[in-house]
Amino acid sequence: MTQTSATIPGPQETGAEESTATTPSGSLDEFRALAASLPLTERVQLLTGQTAWRLYANEAIGLQSIAVSDGPVGVRGTGEIAGASSALMPSPSALAATWDLAAAHRAGELFASEARRLGVDVVLAPQVNIQRTPVGGRHFECYSEDPLLTSAIAGAVVASMQAHGVAACLKHFIANDSETARTVYVSEVDEQTLREVYLAPFEHLVKDVGVWSIMAAYNGVDAAGKASPMTDHHHLLTELLKDELGFDGVVVSDWMATRSTVASANGGLDLIMPGPGGPWEERLLDAVRGGAVSEDTINDKVARILLLAHRVGRLAPAAPIPAEPREDDERFIRTLAAQSMVVLRGEGTLPLVSTPQSIALIGPNAVSAYVLGGGSSTVNPHHIVDPLEGLRTAYPNSDITLLRGGSARVHTPPAAPGVLVSATGAASVGPTVTIKAADGNVLSEHVASSWNGWFNELPDAAASVTLSGAFRLTQAGTHRLDLGSVGTYRFSLDGETIASSDEFADENVILNSSANSPAGVGATITIQEPRDVPFSVELTVIDAGGYGRFVRADLRHLPPGEDTDAEIAAAVAAAASADLAVVIVGTNAEVESEGWDRRSLALPGRQDELVERVLDVAPHAVIVINAGAPVLLPWLNRAKTVLWAWFPGQECGHSLADVLRGVTEPAGRLPWTLPAREDDVPVPHALPDDAMRVIYSEGVHVGYRGWERSGATPAAPFGFGLGWTTWRYDEAVLTALPDGALEIAVTVTNVGEMPGSEVVQAYVTSTAQLPEGVDRPVRWLAGFDRVTAAPGRSTTATIRVPSRALEVWHKANWHRPSGLYEFEVGRSIRDPRITLTYELPEREETGSAGEVSIPS
Ligand code: BGC
């Protein structure tokens, strides 16, 4: 992967000629006067979104509307371009698994060109929360368990995105590392841990990269003795982020997160999203008029929005230049997904040297690959190349059999086309939809031409919606019919009420629950003859504020004959007789998503049994894991070839085929720890306590650092990945640099038979004496470099260890304890190859700003 040069002009270049006299150069102070020139009502108006994805324009000052869009796997768009689709990249953890800053840089360019194509100015990404627990619902959206790796990858993404005039919005500030009760819980984090772990990526992105916007999280934070909802947190937003770190961008609320008017306005929040509505608007105007919020405070917020507009080319005279997608986007996504795959076991099967005549492609995720995780990061991909298409294209002459090997679903599947009929009995793809006003009068009725479980085309007067029709059951036997709904509903089958709920639902159903994948209620019906089973679902319209008004009803049907025993047996038989068995297991939309945390690390369904039984008959089977976050693989050591394939994005099947055929090396290294047993996990669950507090009691021992402290053996350690060649570590030389950083030059030789890439990692341990009350991890990542070499060739990795990697936070400052530091250079945290020692002298002259050296 090579770093490509910029092709999309930034706004500064676009209006350069006309703007030399009038366009400010881009410091916050320059925009305060312009902000103050607006009437107060107009200033306050600018501080709440105009829609869910747009900010207000103000013609008088040449401010155009700024458009924002999710999210970390691509750019979804604002919904204003009918039918728009997007480039879908692999999940962020996959990008981190490359440890490849050039790839991250290229991903930033893709974000920028996609954003411009879709008319978007601010991308709500990347997400730099730390993977504190493997069960965290948004684990796949984050980069890593480690702050240094997170900072490096995010830094490259943001720098290249913003170099093209598109703003990143770093999220979610801060300690927003789990989903259960996410708008309610308060994270309690000690200050040292906050600084060294959770703040580190934000600090790097603000101070070293200059990120243009940051999202304040849903949760509250209790840190440095100050507890408050994040959107109100004066200490963290104003004193720390803006005053101390010098953040000059916009702090935007997470969607619907803000509850207060004065506290949030004075706390440091700049922009309420979505809009219109929310706690500012008129109420903020009143607060200013009443003196509870000063005009200076308002002017500062407006100036930040103007500076953002200037940066993205939405403030006259500059204008953003639309960019077409780069021609090699598909190629980039395809290569990235292949390159990010982590070889967990590789005993010689891959890459395949000859074309298999027959391939048994097996597994629930072979039939239905999970290419992106659930929640707000979702985009509508341009296309999805599924595993079958990928293998068929790569092996046109092979005989490929696709077998599911049992379902991994948690819920009953959506009713297949042809099963749902409308109320008149006409074959249709959706039910009859009757929209009613509060007094029960029918406002409209139509037969839905498609049905995906969400319906929001509602007139203002709509109060309820009735769905009616029938499940057309054609097979004799036992059928399962279910409804998945949220809020108030009544579900009837055959004229009888089967289930009902009078639960009130508002935007919290989206923010805090599993509206994406509701549990099912229904009945089991046995029939001898084909027949239509009439149903009706009465639903109360849910008003979810800025998320709009909708009803939610998944209509689900499981026909007779699903026989997992038989499916597994058929898959095993196919594996036994094929030249090559490829088994794809993993999670799915019912398991991994924003909105909830997992309760178990096990693969859903009987997938472990499927793999075990395939391995009994086909020991050389290639096992592929299609999951974002860790799952337990009890059969791992029995398998000869195991690939961790992430959520691979739109080119999924091609990427997999490229790895099988040897086109691209699966060169990924785990950016987190893969547990062997749930009991070993340092932070095994994400549940708040009874007082709704999430206590970060593990302190700085997060992720792999917790494993280092306990000494437990994971299934695969942090940094692990075999690639397809082997490496010898020849020598390492450490040099102290004048700026306080260290440089470790490591010479490695590719002693295998394939060209490949190695991620040379440096971990540090230290016996330096610590200030009282300061805790240090047993061992932590200090730096890394990724190198490539042909077989038999040597190359030198240059690892920069920033001064910060040796520092600790104590008594409101950074300190660099002098004493002995030992650097272990190697292939993962548990595979050191060369050890170097370094004595950090007392009272060093050099170091990072504000650092104090502590004599031992
Ligand atoms: C998520 C954010 C997202 C926003 C807008 C929120 O629920 O937490 O990550 O950017 O919605 O979709």
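Select His 172 and the ligand together: a polar side-chain atom of His 172 lies 2.7 Å from an oxygen atom of the ligand. Keep in mind as you look that this is a predicted model. His 172 sits in strand S3, which covers residues 167–173.

How far is a polar side-chain atom of Lys 171 from an oxygen atom of the ligand? The distance is 2.9 Å. Glu 594 is another one to show, with a polar side-chain atom 3.3 Å from an oxygen atom of the ligand.

Most peptide bonds are trans. The bond from Lys 171 to His 172, however, is cis, with omega near -5°. Step along to the bond from Phe 173 to Ile 174, and you find a cis peptide bond there too, with omega near 5°. Ile 174 belongs to the loop between S3 and strand S4 (186–188).

Most residues other than glycine have a negative phi. Asp 494 is not a glycine, yet its phi is positive, at about 55°. Look for Asp 494 in the loop that joins strand S18 (488–493) to strand S19 (496–502).

Next, select strands S28, S29 and S32. They form an open sheet in the order S28-S29-S32, with antiparallel pairing. Which strands are at the edges? They are S28 (727–736) and S32 (794–801), each pairing on one side only. Neighbouring strands of the sheet are turned by 20° against each other on average, ignoring direction. Zoom in on S29 (residues 742–750) and S32, which pair over eight bridges. Here you can pick out Ala 745, standing opposite Thr 798 in S32.

The last stop is the second largest pocket, which holds about 1200 Å³ of space. Select Leu 148, Ser 151, His 204, Pro 802 and Arg 804: of the 38 lining residues, these lie nearest its centre. Helix H7 (147–163), helix H8 (191–198), helix H9 (200–209) and strand S31 (780–789) each give two or more residues to the lining. Finally, colour the lining of this pocket by class to see 17 nonpolar, six polar and 15 charged residues.

Technical notes: Residues are numbered from 1 along each chain as its sequence is written. This is a predicted model: local features need pLDDT of at least 70, side-chain atom pairs count only at pLDDT 80 or more; totals for chains, interfaces and linings use all residues. Side-chain values use heavy atoms; hydrogens and water are left out. On a 1 Å grid over the protein atoms alone, a cavity is a set of points where a 1.4 Å probe fits but cannot get out, and a pocket is an open set with protein on both sides within 12 Å along at least five of seven lines; lining residues have an atom within 4 Å of a point. Grid points are joined across faces, edges and corners, and a volume is the space filled by probe spheres set on the points. Helices (H or I, at least four residues) and strands (E, at least two) are DSSP runs, numbered from the N terminus. Ala, Val, Leu, Ile, Met, Phe, Trp, Tyr, Cys and Pro count as nonpolar, Asp, Glu, Lys and Arg as charged, and the others, Gly among them, as polar. Two strands pair if DSSP finds at least two bridges between them. Axes are lines fitted to C-alpha atoms, for helices over the stretch in contact, and angles run from 0 to 180 degrees between N-to-C directions. A polar contact is a pair of N or O atoms within 3.5 Å; within protein, one must be able to donate a hydrogen and the other to accept it, and residues adjacent in sequence count only if both atoms are side-chain atoms.
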